[in-house]
Structure formats: structure tokens, C-alpha cells
Amino acid sequence: MAIKTEMVGQTFGPFKRDYDWKALSLFALGSGAAFDGKTGLQYVYEKNMKMLPTFGAMPIVDAEVTKTIDWGYDYSGSLHWSFDVKFHNPMKKLEGTLSTKVLLKGLYDRGEGRGTLAQHIGETYDDDGTLLFTCESWDCCIFDGGWNGPKAPKDIVEIPEREPDFEVTEKIAENRALIYRLSGDTHPQHIDWDYAQEVGYPKPNCHAVSTAGVACRHIIDTILDGDSDRLTRFKTRITKPLFPGCTIKTQIWKWDDNSIRFRVIDANDPQMIYFNFALAEWK
């Protein structure tokens with residue numbers, strides 16, 4: 001298919017999403033909250049419930065959004081490359097309608113066999129018109145490179161060359177992707193074994209936002225004493241596909257008084273880095 005570069009600069013939506021406490025709880029469960037029946041109950045129990053902050057990355061990767069903003073890519077090769085969520089105001093209501101407008105800001109050619117990077121920026125508002133979060137999300141469409149397009153700007157977050165200050169380990173349940181996909185990202189690579197193997201995976205992989213939710217919980221519990229409302233930014237690069245059943249380790253480095261650097265590795269194979277060049281900031 002031809003790359004529709006004329007779509008760059010266009011804004012799509014608004015994409016509407018009704019939510020209630022059950023939707024927030026389902027998202028958190030799909031991100032591993034309360035895996036032991038008690039850890040992270042604030043994200044799944046309607047009593048004094050809080051939004052798991054990575055929920056702010058989810059509206060922009062909803063299947064309706066990704067299929068609507070079709071600039072001519074091969075859907076089977078679409079992978080989440082990175083995202084950067086900035087939180088402007090806390091979600092105060094446990095029921096309402098979210099409205100997201102998405103700008104296709106850029107398409108960048110990585111070369112034949114390496115794919116195209118698509119840059120999207122979404123702003124999500126509640127039904128009172130309050131801006132809740134802004135998400136810059138990048139996808140790598142691995143079958144769509146080599147069209148002599150512009151090169152992507154470099155964006156590297158420095159990771160300290162020392163042992164991390166904190167490490168948190170957690171096993172990813174075998175059915176994690178099956179739960180998370182119910183929040184709206186229904187790409188078959190996360191559930192269909194035949195489909196996954198046809199595009200080169202041994203089995204269905206986990207959603208990046210789901211795994212990010214695990215790391216986000218680790219950071220909030222370790223650094224912010226469980227107060228998710230303090231988080232103002234969460235940014236990461238997805239560097240390897242992660243498969244259900246593995247055990248991950250979130251490595252956290254202190255950076256300054258209001259930020260950390262982190263990455264997510266395989267607990268049994270430290271050279272396997274799933275998330276890298278990652279940071280979180282808070283107030």
C-alpha cells in the first residue's frame with residue numbers, strides 16, 4: 001500500500017469512550033494490579049479508587065483509533081514503539097465519557113526491512129472539558145519502510161551507568177494479554193497463536209501499555225508511597241516484545257528530587273531489556 005503522507009498534520013476524532021469504575025478496574029487488572037488479591041487494590045476497588053496512571057496511554061492505542069488513522073500501513077506489522085504521557089489533572093470521577101483528539105504528527109522512514117515510525121499526539125478530556133492527559137505515542141510498522149521518507153528525530157533518555165537504587169520483581173500471568181485486550185486494544189497478535197507465529201513470534205505477546213502499568217505500579221509504590229496522583233509524567237521506549245509467563249524486574253534510578261530513570265528487564269536474563277530510556281516525574 002502507498003504511504004499517505006498527506007495525512008500528516010491532520011487531527012482525528014474526537015474519539016469517545018464511556019468509562020466507569022469497572023472499566024478502570026479492568027484496565028488495572030490487565031496491568032497486573034491485585035495479582036495477589038491485595039497489592040494495588042486502590043486501582044481495582046471502587047472504594048476510594050484511583051486511576052492507574054498508564055490508563056492515560058490507552059485511549060490513543062484503542063483499536064478504533066489505530067484503524068481510523070490508516071496512513072497505508074500493514075496492520076499485521078504494527079508494534080508499539082514508545083509513549084510519553086503527561087498528566088495535567090487527576091481523574092476525579094469514576095464514571096463519565098472521555099474525549100480524545102489525535103494528531104498524526106509525523107511519519108518517518110527507518111529504511112527497507114526496518115519499518116516506518118508513526119508519531120501521534122492525543123489529548124484526552126473529561127466530559128466537563130478538563131484536559132486530563134496528553135500522550136505522545138509512536139508505532140513502528142515493520143513492513144512499511146523504504147519509501148525515502150524523512151528520518152526520525154533522536155530521542156534518548158540517559159540511564160545511569162551504576163547499579164539501580166531499587167529493583168522490583170513480578171511474574172507476568174499467562175492470561176495477562178487476554179485480560180488487557182478487553183480495554184480496547186484488540187490486535188490479534190495478543191491472542192491469536194497462528195497469527196502471532198505468522199508474523200514471527202513464538203506466541204501472542206503482551207500489550208506494551210499493560211507492561212508499562214506494571215512498571216508504573218512499582219514506581220508509585222517504591223518512590224511515591226502509593227500516591228498515584230503525584231505522578232506528572234511517564235515515558236518509555238519498548239525495546240523487546242514481552243511474552244506472558246516471564247518474570248520481569250523494574251530497575252529504578254534516582255535522578256533528582258522529582259524524577260527517576262527506569263527500565264524493565266527479564267529477571268532471569270538481564271540482557272533482555274523490554275523497556276529502556278524511560279523516566280517518570282512527579283510533583
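**View 1. Asp 227 is partly exposed in this predicted model, with a relative accessible area of 27%.** Asp 227 forms a salt bridge with Lys 50. Their closest N and O atoms are 3.2 Å apart. Lys 50 sits in the loop between α1 (21-29) and α2 (63-68), and Asp 227 in the loop between α5 (208-223) and β7 (231-238), so the pair ties together parts 177 residues apart in sequence. Lys 50 counts as partly exposed, at 26% relative accessibility. A network of salt bridges links Lys 50, Asp 227 and Asp 229.

**View 2. Asp 128 forms a salt bridge with Lys 93.** The closest N and O atoms are 3.3 Å apart. Asp 128 lies in the loop between β4 (116-125) and β5 (131-141), and Lys 93 in the loop between β2 (78-87) and β3 (96-109). The two parts are 35 residues apart in sequence. Asp 128 is exposed at 59% relative accessibility, whereas Lys 93 is partly exposed at 29%.

**View 3. Asp 155 forms a salt bridge with Lys 235.** Here the closest N and O atoms are 2.6 Å apart. The pair links distant parts of the chain, 80 residues apart: Asp 155 is in the loop between β5 and β6 (166-171), Lys 235 in strand β7. Asp 155 is partly exposed, at 47% relative accessible area. Lys 235 is buried, at 10%. The model's salt bridges come to twelve.

**View 4. His 187 is buried, with a relative accessible area of 4%.** His 187 lies in the loop between α3 (176-180) and α4 (193-198). A polar atom of the His 187 side chain lies 2.8 Å from the backbone oxygen of Tyr 75. Beyond its neighbours within four places in sequence, His 187 is in contact with Tyr 75, Ser 76, Ser 78 and Tyr 195.

Definitions and conventions: Residues are numbered from 1 along each chain as its sequence is written. This is a predicted model: local features need pLDDT of at least 70, side-chain atom pairs count only at pLDDT 80 or more; totals for chains, interfaces and linings use all residues. Side-chain values use heavy atoms; hydrogens and water are left out. Helices (H or I, at least four residues) and strands (E, at least two) are DSSP runs, numbered from the N terminus. Buried means under 20% relative accessible area, exposed over 50%, partly exposed in between (1.4 Å probe, protein chains only). A polar contact is a pair of N or O atoms within 3.5 Å; within protein, one must be able to donate a hydrogen and the other to accept it, and residues adjacent in sequence count only if both atoms are side-chain atoms. Contact means heavy atoms within 4.5 Å. A salt bridge is a side-chain nitrogen of Lys or Arg within 4 Å of a carboxyl oxygen of Asp or Glu.
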